[in-house]
Amino acid sequence: MPINTKYDGYDLAINKVTRVRDFADGEYSVKDKEEEYLPKLGGQTKDDYDAYLTRGFIIPSVEPTAMAIAGSIMRKPAVFDPDSSLDYMIDDIDGNGLSAQSFVGNIIKELLYAGSGGYLVEFTDKAIVKSYTKESIINVSDDYIILTQEYTVQDEKDRYMQETKKEYLELTYDESGYYIQNLWREGKGKKGFTIVDTFMPTNRGEPLTEIPFVFSNDLLA
């Protein structure tokens with residue numbers, strides 16, 4: 001099976017999540033999908049349907065409710081052990097300046113919108129935590145976790161154009177049982193997926209025997 005194989009139940013789970021996200025985004029996202037959410041009535045012409053769609057009103061309740069719940073939970077700020085060497089994460093937990101307070105708030109919102117998500121611990125000069133939505137976690141077993149990511153490539157004929165493509169990050173183990181990351185991309189001419197890079201993360205120079213990835217809840221929740 002190719003690297004983009006999805007776990008059983010993925011499509012059904014993501015269909016539910018997409019509906020919640022659309023209504024959280026608001027009226028324009030819902031109306032853009034037209035008959036998926038507002039079926040055409042019998043005998044309606046296109047003009048009749050367009051007017052029908054325009055008159056429809058979406059109550060903006062999903063996002064405000066999620067924000068209120070997250071705000072209520074986060075009335076007390078996120079803290080670390082005062083003697084912890086991870087104190088820097090209070091102000092920068094993801095390496096891009098995201099505070100721990102905002103990070104935890106985002107986890108709560110993802111639980112409300114999608115029911116689950118995932119978090120990967122990486123380490124270069126310091127530890128950081130990367131967030132992955134439920135949609136981006138496409139396959140899971142005891143031996144691997146497959147994540148989708150995006151990257152951009154320059155158009156060979158137009159210096160002002162870039163194309164966004166999808167790649168797959170495989171968190172797995174090598175033959176010795178050590179944690180490695182394989183980066184998969186589709187070859188030119190759609191010749192299938194190949195590994196373009198393999199990386200072995202370490203902790204103070206020592207390879208890991210467990211995948212440092214945490215789920216906030218069951219993927220099928």
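This is a predicted model: local features need pLDDT of at least 70, side-chain atom pairs count only at pLDDT 80 or more; totals for chains, interfaces and linings use all residues.
Buried means under 20% relative accessible area, exposed means over 50%, and partly exposed is in between, with a 1.4 Å probe and protein chains only.

Residues are numbered from 1 along each chain as its sequence is written, and side-chain values use heavy atoms, with hydrogens and water left out.

First, helix H1. Helices are DSSP runs of H or I with at least four residues, strands are runs of E with at least two, and the numbering goes from the N terminus. H1 covers residues 10-25. With 16 residues at 1.5 Å each, H1 should span 22 Å, and its end C-alpha atoms are 22 Å apart, so the two agree. The expected span here is 1.5 Å times one less than the number of residues.

Which residues of H1 are buried? They are Tyr10, Ala13, Ile14, Val17, Arg21, Asp22 and Ala24. These residues lie on the same side of H1, because they cover an arc of only 170° around the axis. The arc is taken from the directions that run from the helix axis to the C-beta atoms. Asp11, Leu12 and Lys16 are exposed, on the other side of H1.

What do the buried residues of H1 pack against? The partners are helix H2 (27-32), helix H4 (62-73), H5, E2 and strand E3 (137-140). Contact means heavy atoms within 4.5 Å. After H1 comes Gly26, with a positive phi near 115°.

Ahead of H1 there is a segment that contains Thr5. Thr5 is buried, at a relative accessible area of 19%. Leaving out residues up to four places away in sequence, Thr5 touches Ile138 and Asn139.

Next, helix H5, residues 100-114. Its 15 residues at 1.5 Å each should span 21 Å, and the end C-alpha atoms are 20 Å apart, which agrees. The buried residues of H5 are Ala100, Phe103, Gly105, Ile107, Ile108, Glu110, Tyr113 and Ala114. They pack against H1, H4, E1 and E2. Gly115 follows H5, and its phi is positive, near 90°.

Now the two helices together. Two packed helices are described by the angle between their axes and the distance between the axes. For H1 and H5, the axes come within 8 Å and cross at roughly 115°. Axes are lines fitted to C-alpha atoms, for helices over the stretch in contact, and angles run from 0 to 180 degrees between N-to-C directions. On the H1 side the contact has Val17, Val20, Arg21 and Ala24, and on the H5 side Glu110, Tyr113 and Ala114. By class, these are five nonpolar, no polar and two charged residues. Nonpolar means Ala, Val, Leu, Ile, Met, Phe, Trp, Tyr, Cys and Pro; charged means Asp, Glu, Lys and Arg; the others, Gly among them, count as polar.

On to the sheets. Two strands pair if DSSP finds at least two bridges between them. Strand E1 (residues 117-123) is joined to E10 by three bridges, and the two run antiparallel. Within E10, Val214 stands opposite Tyr119.

Another open sheet has five strands, also with antiparallel pairing, in the order E3-E4-E5-E6-E7. Tyr173 has Tyr179 in E6 as its bridge partner.

Last, backbone angles. Most residues other than glycine have a negative phi. Where does Glu34 lie? Glu34 is in the loop between H2 and helix H3 (46-55), and its phi is positive, near 40°. At 39% relative accessibility, Glu34 counts as partly exposed. Arg204, also not a glycine, has a positive phi of about 55°. Arg204 sits in the loop between strand E8 (202-203) and strand E9 (206-207). With a relative accessible area of 75%, Arg204 is exposed.
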